[in-house]
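Take a walk through this fold, starting with the sheet and moving on to the helices packed on it. Keep the structure open as you read.

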Amino acid sequence: MDNTTIIVVDDSPFASKQIKDIVEENGYEVIGYAKNGEEGIKMYEELHPDIVILDIIMPGIDGIETAQILLKNDPDATILMLSSLCDSSTLEEVRSIGVKYLIPKPWEDDVLLATLELLKKQREQKKYSK
């Protein structure tokens, strides 16, 4: 079984490293990091990861705008958003662009992993139902 591939888009190298460590211990493969939305979009187009872990608050275009562009270019993009701002308006904004999952920062490792598992299963179901 091949590993589920992930790119991490977060302007914090510390957060990116933490995510990499926890997900790789659990059988995922981080194939790229981007420090901002522009880099993340380019990397997505080059690497076609299974899942994008995307921070909302970043310099340049933020995570919401990045997610909108990714989903416009690839409606099947699987995105997990992270944010230190998890109020209801942020949640509504995330949902309105079609992203179902928003995890608060700092995240709990088991919540992060459980959500990734869920996304992975949904991707597999989509693949087989086509």
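**The sheet and its helices**

In this predicted model, 5 strands form an open sheet in the order β2-β1-β3-β4-β5, and their pairing is parallel. Strands of a sheet pair through backbone hydrogen bonds, either parallel or antiparallel. The edges here are β2 (28-34) and β5 (101-104). Each has a single partner strand, so one side of each is left without a neighbour in the sheet. On average, neighbouring strands of this sheet are turned by 25° against each other, direction ignored.

Look next at the pairing of β1 with β2. Strand β1 covers residues 4-9, runs parallel to β2 and is joined to it by 6 bridges. At V9, the residue standing opposite in β2 is A34.

Helix α2 lies across β1, β2 and β3 (51-55). Its direction is at about 135° to β2. Helix α3 also packs on the sheet, where it touches β3 and β4 (79-83). The direction of α3 makes about 175° with that of β4.

How do the two helices pack against each other, in angle and axis distance? Helix α2 spans residues 37-47 and helix α3 spans residues 63-73. They pack at an angle of about 20°, with axes 9 Å apart. Angles under 35 degrees count as roughly parallel, and therefore α2 is roughly parallel to α3. Their crossing is right-handed.

Which residues make this contact? From α2 come G37, I41, Y44 and E45. They meet T66, I69, L70 and N73 in α3. By class, the residues of this contact are 4 nonpolar, 3 polar and 1 charged.

Note on methods
Residues are numbered from 1 along each chain as its sequence is written. This is a predicted model: local features need pLDDT of at least 70, side-chain atom pairs count only at pLDDT 80 or more; totals for chains, interfaces and linings use all residues. Side-chain values use heavy atoms; hydrogens and water are left out. Axes are lines fitted to C-alpha atoms, for helices over the stretch in contact, and angles run from 0 to 180 degrees between N-to-C directions. Helices (H or I, at least four residues) and strands (E, at least two) are DSSP runs, numbered from the N terminus. Angles under 35 degrees count as roughly parallel, over 145 as roughly antiparallel, 65 to 115 as roughly perpendicular and the rest as oblique. A crossing is left-handed if the near helix is turned anticlockwise from the far one by less than a right angle, and right-handed if clockwise. Contact means heavy atoms within 4.5 Å. Ala, Val, Leu, Ile, Met, Phe, Trp, Tyr, Cys and Pro count as nonpolar, Asp, Glu, Lys and Arg as charged, and the others, Gly among them, as polar. Two strands pair if DSSP finds at least two bridges between them.
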